[in-house]
Amino acid sequence: MESFDLVGIGVGPSNLSLAALAEPVEGLRAGFLESKPRFRWHPGLMLPDAWLQVSYLKDLVTLVDPTSRFSFLNFLSEQGRIFRALVANGMSCSRQEFEQYYQWAAEGLPDIHWQSRVKSVSVVGDRFEVVCDSGLTATARSLVLGSGREPYLPPFAAAFHGSRVLHGSELLSVRPDLAGRRVMVVGAGQSGAEVVNYLLSEDAATPAELTWVSSRVGFLPIDDSPFSNEWFAPSYVDYFHSLPAGRRADLLGRQRLASDGVSESLLRKIYQRLYRLDHLEGGTLSHRLLPCRRVTDLRGHADGVEVSVLDTDRDVRETVPADVVVFCTGYRSRFPDYLEPLREALTGDGGAFRVRRDYSLDWDGPPGLRVFVQNFAEDSHGIADPNLSLSAWRSARIVNAAVGREVYRTDGASTATAWSSA
């Protein structure tokens, strides 16, 4: 049995950031538990042309500790590629390179226990007891839930899940037969656009027919304007948290394209590729781009799948035949199985977490035991929560709360916008 001050469950980018920021803190013994054998970041969607939508300065540590040895710039320097990377990439980089960075950081953090899937969490006396299927048992006074969001398939699609109907996050792991087939991509966010770009650019995967379905009014770019980007500033997160729940829900709907829109450069690339296919390369690909549509049902048969599509403008339905349907329908947070014995104590009347300003839960448990959450707080902390933009800041706030002092500065950053009139 190992004793810690803080145990992080799950090691994705968020808890990897927490591990990097906790590592140099005197008086804080932190351990992290992860079921995978090593760090992977959406391996099924690591497409060749996938790029970050944020600056690489929004890495594990830089926005709260630019001097940390776990910064992306230090990674580039240690790899001997910093000058060439700046020439090649500017202020962004590919997702593949950022995964290399994450893996480099993970290898430098000895407090991560790989292949340690958490089976159960219970309260024993004045500590949490965490039991893993690897045989490791750990105790701590603080837990940080970083199990991550799970790929979401609509219920009507889940029954057909396999090589013909899959989530975009599985594309490179399932590797369905796409070449010369009838392929539908559902969802027009960044991941949907990346899948479409892959299908149009990769000769081995080029379908005979491509249908791209968007529930929005079009195939819309990300809102990357300066004032919208202030929704990803610490002061806005605190302001958002102070608002009534109804107003928060309304704002999340209005701000969605600041997080879920498509990079304009990627939209332009897709449009140019379609133009070449239609007018310069003999029209070898049949394609339909369908905005204002919702996929509402699937029916399987021997020759493929029949997809029911609703035109929301005219309230008209059509059936579209397909061989493969790729759902790029995002991710959802799910209550972790290992916490089931504590569900009643951890959740409110609606079954959701009640998340305080410092990302700890308001829960009915022993005083002194705290549970923090990563990527479970969009409803309470705003549109930045599932995004990489504030992962370092959020982890710094958790470190400060866990040790009871200001290790990292998390308040006082200036903004151009006065959110509160107080």
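This is a predicted model: local features need pLDDT of at least 70, side-chain atom pairs count only at pLDDT 80 or more; totals for chains, interfaces and linings use all residues.
Local features require pLDDT of at least 70 and side-chain atom pairs pLDDT 80 or more, whereas totals for chains, interfaces and linings use all residues. Residues are numbered from 1 along each chain as its sequence is written, and side-chain values use heavy atoms, without hydrogens and water.

The axes of helix 1 (residues 13–22) and helix 15 (residues 391–403) come within 9 Å and cross at roughly 55 degrees. Axes are lines fitted to C-alpha atoms, for helices over the stretch in contact, with angles from 0 to 180 degrees between N-to-C directions. Helices (H or I, at least four residues) and strands (E, at least two) are DSSP runs, numbered from the N terminus.

Ser116 is located in the loop between strand 4 (112–113) and strand 5 (118–124). Its relative accessibility is 5%, so Ser116 counts as buried (under 20% relative accessible area; exposed is over 50%, partly exposed in between; 1.4 Å probe, protein chains only).

The structure holds 23 aromatic pairs (ring centres within 6.5 Å, with the six-membered ring used for Trp; planes under 30 degrees apart are stacked, over 60 edge-to-face, the rest tilted). Phe128 and Trp363 are stacked, because their ring centres lie 5.7 Å apart and their planes stand at 25 degrees. Phe128 belongs to strand 6 (residues 127–132) and Trp363 to the loop between helix 13 (343–346) and strand 19 (370–373), so the pair ties together parts 235 residues apart in sequence. Both Phe128 and Trp363 are buried. Tyr359 and Trp393 pair edge-to-face, at 6.2 Å centre to centre and 80 degrees between the planes. Both Tyr359 and Trp393 are buried.
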